[in-house]
Each structure stands twice: as C-alpha cells, then as structure tokens.
Amino acid sequence: MAIRPSVHNLYPVIALALLAAATVWLERITRVAEAPAAALAADKPDFTADHTRILGFGEDGRQRYELVADRLIHFPVSDITALEQPRLLMYSEGREVRLDSVSGEVSPGGEQVDLAGDVHVWRSGDPGRSETTFASEKLRVWPDENRAETDTPVVLTQGETRATALGMRADNLFGVFDLLGDVKVNMPRRQRKPS
C-alpha cells in the first residue's frame, strides 16, 4: 500500500526551503556589505615620492601656490595623499604666505590640505606694515580659495602685537583673520612724538 503525502505534510518542507533561501540571501547581502570595509582596511599606497614639488596655477596662467614635501604617499582606495614635512607657499598680487607643518593630507581632488603638528604660517606685510605669523597644532587650507581655518588654539603676531584664541578662520589668507573664542590681545603702547 502506497502512502500519499498530504498537503499538510508539505508545509514543513516549504518552510525549510524558504528558510534556506532567506539564509543564502542574507549571507550574500552581508558579504557585499563587508567588501568596501575590507577594501578600506587594505588601502595600501600605490606610489610614494620623495622631495616632491607640486605647482598650482590660476585661470590666468599665473602660479598661485607651490606644495613641497619631503615625502608624498598616495592611497588609491581613499584617494588621500599623505605628506611628510609639507611646505605650502601661496601667492597673490605680489604677496606671499608660507605654511609648514610636521605632516599633512591632501583631500581627493586636491581642493583641501589638512596640516597637522607644529603648524607655522608667515604672511608678508603690506607696505609700511609688519609681517604676520601664527602658530597652531592643526590647520585646514583651501589653496585655490585662499581660505583656512582651525579649531585648535592659535598664537598670532604682527610686529609687537600678540593675540591668542581658541580657533581662527581666514576667508582670505592675504587679508583679514577672524580669531574665535577666548581672544586675548597684547598691544604695545604707542610712543608719543615730542612736540
């Protein structure tokens, strides 16, 4: 006598088949989601260069900046370029700004440079005015826009005047600096000329 399976006996088989299909689907989704994280962890440099010099030009063909580094390391997956001992020189209307630090990173596309570790900046003075210097631990710079900012303490000097603040923003590195948070300024007294 042959036993005929009833519809009720097929429900567990159908449930197991659906569960197996869901497991395979879940495993594939998880594997795809982990692939980018694994690729980022394996982001190894595709090239390095020692004693590099990169020039940037404006639309008018004039040199706008020069980036020099003891060592340049490019990571292809993140498209970030790490810099050792970077020095950035920027030019505008016959004036110059020099920036240097221990290390730095250039963003993908090169629009932004993040300087870190003992950042020093020197800006030439206007005729009849002293040069300006400032120091901080970090500085984010947009060379094409002549902008910079930091959220770390800053010491700024111009001639005998010294200012400190918790941060700084410069919308024009050749113009005005905005000091941010707990600003303190020490200005020497002007000497009166004898009558």
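A charge sits over a ring if NZ of Lys or CZ of Arg is within 6 Å of the ring centre and within 35 degrees of the ring normal. The views below show a predicted model.

**View 1. Arginine ends over tryptophan rings.** The charged end of Arg-98 sits over the ring of Trp-122, at 4.0 Å from the ring centre. A second case is Arg-147, whose charged end sits over the ring of Trp-142, 4.1 Å from its centre. Pairs between aromatic rings are absent: a search of the whole structure finds zero.

**View 2. The largest nonpolar core.** This core has 23 residues. Leu-99, Phe-134, Leu-139 and Val-141 have the most contacts inside it. At least two core residues come from each of the strands β2 (63-75), β4 (87-92), β5 (95-100), β7 (113-123), β8 (132-142), β10 (154-158) and β12 (167-170). In soluble globular proteins, nonpolar side chains tend to be buried together.

View 3. Leu-88 lies in strand β4. Leu-88 counts as buried because its relative accessibility is 1%, and the cut-off for buried is under 20%. Beyond its neighbours within four places in sequence, Leu-88 is in contact with Tyr-65, Glu-66, Leu-67, Val-97, Arg-98, Leu-99, Val-141 and Pro-143. Leu-55 is 33 residues from Leu-88 in sequence, and the two C-alpha atoms are 9.9 Å apart.

**View 4. The hairpin of β1 and β2.** Strand β1 (residues 47-57) pairs with β2 in the antiparallel sense, over ten bridges. Ile-54 has Leu-67 in β2 as its bridge partner. Five residues stand between the two strands of the hairpin, where Gly-61 takes a positive phi near 90°.

View 5. Most residues other than glycine have a negative phi, and most peptide bonds are trans. His-51, not a glycine, has a positive phi of about 55°. This histidine, His-51, lies in strand β1 and is exposed, with a relative accessible area of 66%. Asp-79, also not a glycine, has a positive phi of about 60°. Asp-79 is found in the loop between β2 and β3 (80-84) and is partly exposed, with a relative accessible area of 33%.

**View 6. Confidence along the chain.** The protein has a mean pLDDT of 80, and 82% of its residues reach 70 or more. Among its elements, helix α1 (residues 7-41) has the lowest mean pLDDT, 64, while strand β6 (residues 103-106) has the highest, 92.

Conventions
Residues numbered from 1 in each chain as written. Heavy atoms only, no water. Core = buried A, V, L, I, M, F, W, Y, C linked by side-chain atoms within 4.5 Å. Buried < 20%, exposed > 50% of the residue type's maximum accessible area, 1.4 Å probe, protein only. Helix = DSSP H or I, 4+ residues; strand = E, 2+ residues; numbered from the N terminus. Phe/Tyr/Trp six-rings, centres within 6.5 Å; stacked < 30°, edge-to-face > 60°. Contact = heavy atoms within 4.5 Å. Pairing = 2+ DSSP bridges. pLDDT = per-residue confidence, 0-100.
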